[in-house]
Amino acid sequence: MKLSFLAMLLCLLLASTPKAHASVFDVTSATYGAKPGSDVSTALAKAWSDACASPSASKVVIPSGTYNLKEATFRGPCKAPIEMQVQGILQAPADASQLTRPDTWVGFQYIDMLTLLGGGTFDGQGALSWNQNDCHKNKNCKPLPVNLRFEFLTNSKVQDITSLNSKFFHMHVFRCNHTTFQQLTITAPDESRNTDGIHIGASTAINITHSKIGTGDDCISIGDDSHEITVTDVTCGPGHGISIGSLGKYKEEKDVTGIIVKNCTLANTENGVRIKTFPDSPSPSTASGIHYEDIIMVNVSNPILIDQLYCPYTQCEQKPPSKVKINNVSFKNIKGSSFTPLAVKLVCTTGIPCENVELTDIDLTYGGDKGPLTSMCSNVKPTITGVTKALGCATSSLAPLPLSKK
């Protein structure tokens, strides 16, 4: 009886104990002193340092308002889960030369269980830099700052934020595992060069979902050593599409495996769903297990594209074939309109042809109804099943095709 009474008392005490709340580190508090219209760099760095050192869950808050932020690197490991809630607008220096780290404006590194959210905006103010960017034609170009760089994150989430007018890539994801990006808005005009929305490299178990991306380059690009990447419910446009690659540019690149792109819409983009590799790869690698499914195209050039002659530089002419092996790729249930009559272009390398490429239920029209669509295939024999509208690709041409520079 006495034990039962003690057990009941313990349950009542536990039930009445309030749940622990995350400690809040507000940059505009008296402790940190940040104010809208001023540079928040020092206050934000101090708030992050205190929050990261907290033994319990913590939250860094940037309230509504517009703040200047010269640059920031938020580094872990932290002692407990940490959240950064950006409710306001953070503005980068318009002049990229003011940054001490030339390739990064805001970085997050070596953090487990980070949550970045809040409905706020990271404004890269990139207009001045776009005209200075020659990376589209110069492989030795100087780096420009990425809006948000995520490195060595695990079990993390980035949601409900806007990246605006980055000077270079909007988000660069490197060596991250089990991290989700959702409800994002990524925006730059279509003439902004190399402003990829989200670029992923050397990462595993990355999920991108329910986001709207419109830039001057790839909405999403997936580089080497990427595995188990899932992209769902993304609207892309303007931009260059959703791409695997480019691959095969550097020595000792690692394989890409397990990519799923599903339930996405591409509108007024220069490419649709694409795999691109450089010719004359310095090392062999493989891209396999890549699946595009349930995709809507709206006025898209090159809706379905494998391009193993990808080369934005004129010095690539007449180079040896790519050493990237493409295998186990499917394009399923892709519908909508093509801006050009060439709807399917599968250009594989002469040295190691693509294998196990499948086209299923492809239903595209030329600009609504401008005439028949065509297809082009080289060094690949795709399996074609289901409903296909005006897309044969049955005869595989071995003739060399013009190098792509988009």
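Which handedness does the disulfide of Cys348 and Cys354 have? The torsion about the S-S bond of Cys348 and Cys354 is about -105°, so this disulfide is left-handed. The model is a predicted one, and its sulfur atoms in this pair lie 1.9 Å apart. Cys348 and Cys354 are each buried.

A search of the whole structure gives three disulfides. Another of them connects Cys52 with Cys78, with an S to S distance of 2.1 Å. This pair ties together distant parts of the chain, 26 residues apart: Cys52 belongs to helix 2 (residues 41-52), while Cys78 sits in the loop between strand 4 (72-75) and strand 5 (82-86). The disulfide of Cys52 and Cys78 is left-handed, because the torsion about its S-S bond is about -105°. Cys52 and Cys78 are both buried.

There is also a disulfide between Cys219 and Cys236, with 2.1 Å from S to S. Here too the pair links distant parts of the chain, 17 residues apart. Cys219 is found in the loop between strand 16 (204-214) and strand 17 (220-222), and Cys236 in strand 18 (residues 227-236). With a torsion of about 80° about the S-S bond, the disulfide of Cys219 and Cys236 is right-handed. Both of these cysteines, Cys219 and Cys236, are buried.

Two further cysteines deserve a look. Cys176 has a relative accessible area of 0% and is therefore buried. Cys264 takes part in no disulfide; its nearest cysteine sulfur belongs to Cys236 and is 8.6 Å away. Cys264 is likewise buried, because its relative accessible area is 1%.

Key
Residues numbered from 1 in each chain as written. Predicted model: local features only at pLDDT ≥ 70, side-chain atom pairs only at ≥ 80, totals over all residues. Heavy atoms only, no water. Disulfide = S-S within 2.5 Å. Helix = DSSP H or I, 4+ residues; strand = E, 2+ residues; numbered from the N terminus. Buried < 20%, exposed > 50% of the residue type's maximum accessible area, 1.4 Å probe, protein only.
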